[in-house]
Structure formats: structure tokens, C-alpha cells
Amino acid sequence: DRLLRLLAEGAPDVCAKVCGAMSKLGFRNTSNVLAMIKYDGMLSALTRLLSPEHGTKVQVQAWRVLQNCVSGIDLVKVILCSEANLLEAIKDACTKEDENPEIRMRAVSVIMHASSSDAA
């Protein structure tokens, strides 16, 4: 609940730090990653942070979380590919001409990893 509240209500610098901590979790424990992504409202909160209104630093950190979580866990891939708002954010990041190159690279990485699952 605390992480979700910080992501939903925190200032941009707080959101960036929370995302930074969450992205490190992706390398440590797959069951925690799955629980985090399945937690009610967490994926929606992360998806909202992908919006340009939150600034590049927050966007990059949110993409890092998704990028680190999607690697290797098929159920997470299915969940991410089932989220319409996230798919729209990926499409926007990959197709906008003036998109930050790091954001575009991370979005491409997320969709490439997510689409590698037959179930997704």
C-alpha cells in the first residue's frame, strides 16, 4: 500500500526513487515481482508514470521497472500485454518522432520481452 500511495501521490523525485527501488527488485525475487505487478492498482500507477507530464526522469524510472519485471516471467508478460493503457503507452513511446531515445529504447525492450511469450 505504501509503495502504491507514493507512486500515486508522490512528488516526481519521490516517484523516481520509488521506481528505482522497485526496478532493483526485478533482479532479486521473481515471486515478489509477480506479487507487485498483480497488486491491485500497481500496474495502473506505473502506467500513469509513463506520461510525459511526470517528466523524463520519472518516465525513465517507470520504464526501468517494467523492463526489469518483464524479463523471464511469462505470467508478468501476459499481465503486461493485457493492459490496454500500457500497450497504448508503449505504442506512443515507440512511434512519437520527438520521443526521448532512452524512453523509446526501454519501451521497445519491454514489448520485445513481453511478446516473447506465446501466452502473451
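Visitor: What is the place of Arg106, buried or exposed?

Guide: Please keep in mind that this is a predicted model. Arg106 counts as buried, because its relative accessibility is 14% and the cut-off for buried is under 20%.

Visitor: Which side chain does Arg106 meet in a salt bridge?

Guide: The partner is Glu102, with 3.0 Å from N to O. Glu102 is partly exposed, its relative accessible area being 33%.

Visitor: How many residues apart are Arg106 and Glu102 in helix α8?

Guide: They are four residues apart in α8, which spans residues 101-114, so about one helical turn separates them. An α-helix has 3.6 residues a turn, so residues three or four places apart point the same way.

Visitor: How many salt bridges does the count come to?

Guide: The count comes to four salt bridges. Among them is the one between Lys91 and Glu88, whose closest N and O atoms are 3.4 Å apart. Lys91 and Glu88 both belong to helix α7, residues 84-95, and lie three residues apart, about one turn of the helix. Lys91 is partly exposed at 46% relative accessible area, and Glu88 is also partly exposed, at 38% relative accessibility.

Visitor: Which side chain meets Asp74 in a salt bridge?

Guide: That is Lys77, at 3.8 Å from N to O. Both residues lie in helix α6, residues 74-81, three residues apart, or about one turn of the helix.

Visitor: And Lys77, buried or exposed?

Guide: Lys77 counts as buried, with 7% relative accessibility. Asp74, at 45% relative accessibility, counts as partly exposed.

Visitor: Which other residues of α6 are buried?

Guide: Besides Lys77, the buried residues of α6 are Val76, Leu80 and Cys81.

Visitor: What covers the buried residues of α6?

Guide: The cover includes α3, α4, α5, α7 and α8.

Visitor: A change of topic, please. How many disulfides does a search of the whole structure find?

Guide: The search finds zero disulfides. Cys81, for instance, is in no disulfide, and the nearest cysteine sulfur, that of Cys94, is 12 Å away.

Visitor: What is Leu7 in contact with?

Guide: Leaving aside neighbours within four places in sequence, Leu7 is in contact with Cys15, Val18, Cys19, Met22, Met42, Ala45, Leu46 and Leu49.

Visitor: What about polar residues? Where is Gln67?

Guide: Gln67 is in helix α5 and is buried, with a relative accessible area of 12%. The side chains of Gln67 and Ser109 are joined by a polar contact of 3.0 Å. Apart from neighbours within four places in sequence, Gln67 is in contact with Met105, Arg106, Ser109 and Val110. Arg106 is the residue in the salt bridge with Glu102 that we began with.

Visitor: One more, then. Where is Ser23, and is it buried or exposed?

Guide: Ser23 is in helix α2. It is buried, with a relative accessible area of 1%.

Visitor: What does the side chain of Ser23 reach?

Guide: The side chain of Ser23 reaches the backbone oxygen of Gly20, at 2.9 Å. Not counting residues up to four places away in sequence, Ser23 touches Arg64, Val65 and Asn68.

How values were computed. Residues numbered from 1 in each chain as written. Predicted model: local features only at pLDDT ≥ 70, side-chain atom pairs only at ≥ 80, totals over all residues. Heavy atoms only, no water. Disulfide = S-S within 2.5 Å. Helix = DSSP H or I, 4+ residues; strand = E, 2+ residues; numbered from the N terminus. Buried < 20%, exposed > 50% of the residue type's maximum accessible area, 1.4 Å probe, protein only. Contact = heavy atoms within 4.5 Å. Polar contact = N/O pair within 3.5 Å; in protein donor to acceptor, adjacent residues only side chain to side chain.
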